[in-house]
Amino acid sequence: MTIRPIVIKGNPVLHRRADEVTVFDQDLRELVADMFETMDKAPGVGLAAPQIGVGKRIFTYTYTEDDGTHRRGVVINPVLELGPISEEEPDIEEEAEGCLSFPGYRFPLKRAEVATVTGVDLEQNPIKIEASGWFARIFQHEFDHLNGFLYIDKLRSEWLDDVEEITKDEGWGVDGKSWLPGQDNLEG
């Protein structure tokens, strides 16, 4: 297993739809193992393949429910069904998200409270997971990555100036920027 660099806003792979996985082989197993290793080291609760520069429809996740139930897995070629999304303002404290591809910053975003993800695992066995609360948020966030969106692309207008200022100040928004979990500095 290898910890891979996480690419930052501006890398083209983050801003286009990822391709379906069609080959299930040892290379795919190694990629998924690297994704888990990278996600854990970051640390993150989810990681989509585009975040490590691979334009494939794969994401990993790890999450512990309030009751202590630990959820961890991979979803390949996911399809996401959402419950309704409220039109209310997102709560600045309770609904603030972060992203490993826009590291160190958090912004509030309204998401559906429930989501169902279907897809397959590494053995091509069907997966269907019903999620609510933060677990549902993780699936929505990672699924967005597979469609070429960062969560900051979906923020309400009042946060967009802050995002642009951060992007400029950090030198992001261009290809070639990444960071390696386990190191404090950003590369690129």
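The legends below describe close-up views of a predicted model. Residues are numbered from 1 along each chain as its sequence is written, and side-chain values use heavy atoms, without hydrogens or water. Local features need pLDDT of at least 70 and side-chain atom pairs pLDDT 80 or more, whereas totals for chains, interfaces and linings use all residues.

**View A. Helix 2 (residues 133–146) is largely enclosed by the rest of the structure, because 12 of its 14 residues are buried.** Helices are DSSP runs of H or I with at least four residues, and strands are runs of E with at least two. Buried means under 20% relative accessible area, exposed over 50%, and partly exposed in between (1.4 Å probe, protein chains only). Among the buried residues of helix 2 are Phe135, Ile138, Phe139 and Leu146.

**View B. Lysine 154 and aspartate 144 form a salt bridge, with the closest N and O atoms 2.9 Å apart.** A salt bridge is a side-chain nitrogen of Lys or Arg within 4 Å of a carboxyl oxygen of Asp or Glu. Lysine 154 lies in the loop between helix 2 and helix 3 and aspartate 144 in helix 2, so the pair ties together parts 10 residues apart in sequence. Lysine 154 is partly exposed at 39% relative accessibility, while aspartate 144 is buried at 7%. Shared partners join Glu95, Glu97, Lys110, Arg111, Arg137, Asp144 and Lys154 into one salt-bridge network.

**View C. Lysine 9 pairs with glutamate 164 in a salt bridge at 4.0 Å between the closest N and O atoms.** The two residues are 155 residues apart, with glutamate 164 in helix 3. Lysine 9 is buried at 12% relative accessibility; glutamate 164 is partly exposed at 47%.
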